[in-house]
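Subject: Structure for your files

Hello,

Here is the structure I said I would pass on. My notes on it follow below.

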Amino acid sequence: MASQTPKFHLHTYFRSSCSGRLRIALALKQISYTTTATNLLKDEQLNTAHLAINPSASVPILTRLDTDTSFPIGQSIAALEYLEEALPGVHPLLPAPERVLERVQVRTLVNIVACDIQPITNRRIILAVQQLGKDPAEWCRHFIERGFAAYEATLDKTAGRFSVGNEITLADVCLVPAVWGGERFGVDLEKFSRLKAVFEEMSRTEAVQKAHWKRQEDTPEEFREP
């Protein structure tokens, strides 16, 4: 008997870097999904319906629809790891289990982005920085560049065509939206030659082009690209 095609739903926001991670991974794995656009600028993540699904008041939320035990995954890294474990063999983004060193290298790079860059440059922090009378663009640029410097130094030990060797991994999936954010705040990628090369390699893939924040259904017309 043929296995049932998995069905997913994604709560997303066009410029959310965490949402971008999921869009890239789903595209790489050629997994179709439906979406609900959540406008963070209108605080739609704070409404009762959204909070009932994700008490963290954030996006993305990945929900699998073809099982009786679906669980809304409101953290992007947990959602990425779920896709690896629930759908093994579908364009894996972690090296095989026996490649322990490469797996920990991937996870180290993922966490540079997911722990050291994104949490302190997201919209909630930007608003708090504004309330303190500081320049949020300068703040974000500083911490993104600091994180990119750590990523770049790690690439000296791990990189091939991509962040870890010559295969696309979760590290690359997380890096790309971080670079999109860096571009938004004026980060000079020329300071990070290896990182820039990996980003450019990723940007040539159809999955990244499809997932780009300028090409989403909820992207405002003034930002949209074909």
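The protein chain has 9 helices and 3 strands, where helices (H or I, at least four residues) and strands (E, at least two) are DSSP runs numbered from the N terminus. This is a predicted model: local features need pLDDT of at least 70, side-chain atom pairs count only at pLDDT 80 or more, and totals for chains, interfaces and linings use all residues. Residues are numbered from 1 along each chain as its sequence is written, and side-chain values use heavy atoms, with hydrogens and water left out.

Overall fold

The order of elements along the sequence is β-α-β-α-β-α-α-α-α-α-α-α. The radius of gyration of the protein chain is 17 Å, close to the 17 Å from the globule rule for 226 residues, so the chain is as compact as a globular protein of that length. That radius is taken over C-alpha atoms, and the rule is 2.2 Å times the number of residues to the power 0.38. Along the principal axes, the C-alpha atoms fill a box of roughly 55 × 45 × 30 Å.

Of the 226 residues, 47% are buried (buried is under 20% relative accessible area, exposed over 50%, partly exposed in between; 1.4 Å probe, protein chains only). Among contacts (heavy atoms within 4.5 Å) with a separation of 6 or more, 64% are between residues 24 or more positions apart. The accessible surface of the protein chain is about 11,800 Å², and 53% of it belongs to carbon and sulfur atoms; the areas come from the Shrake-Rupley method with a 1.4 Å probe, and for residues only the protein chains shown count as cover.

There are 26 positive and 28 negative side chains, with the centres of the two sets 1 Å apart. Lys and Arg count as positive and Asp and Glu as negative, while His and the chain ends are not counted; each charge is placed at NZ of Lys, CZ of Arg, CG of Asp or CD of Glu.

Residues 6–91 are 34% helix and 16% strand, with end C-alpha atoms 15 Å apart. Residues 99–221 are 67% helix and 0% strand, and their end C-alpha atoms lie 45 Å apart.

The loop between α2 and β3

Asn54 sits in the loop between α2 (48–53) and β3 (61–64). Asn54 counts as buried because its relative accessibility is 4%. Beyond its neighbours within four places in sequence, Asn54 contacts Pro60, Ile61 and Gly74. Asn54 and Pro72 are 18 residues apart in sequence, with 7.2 Å between their C-alpha atoms.

Ala57 is in this loop between α2 and β3 too. Ala57 is not a glycine, yet has a positive phi of about 55 degrees; with a relative accessible area of 15%, Ala57 is buried. Pro60 also belongs to the loop between α2 and β3, and the peptide bond from Val59 to Pro60 is cis, with omega near 5 degrees.

His91

Another positive phi in a residue that is not a glycine, about 40 degrees, occurs at His91. His91 lies in the loop between α3 (76–86) and α4 (100–117) and is partly exposed, at 34% relative accessible area.

Regards
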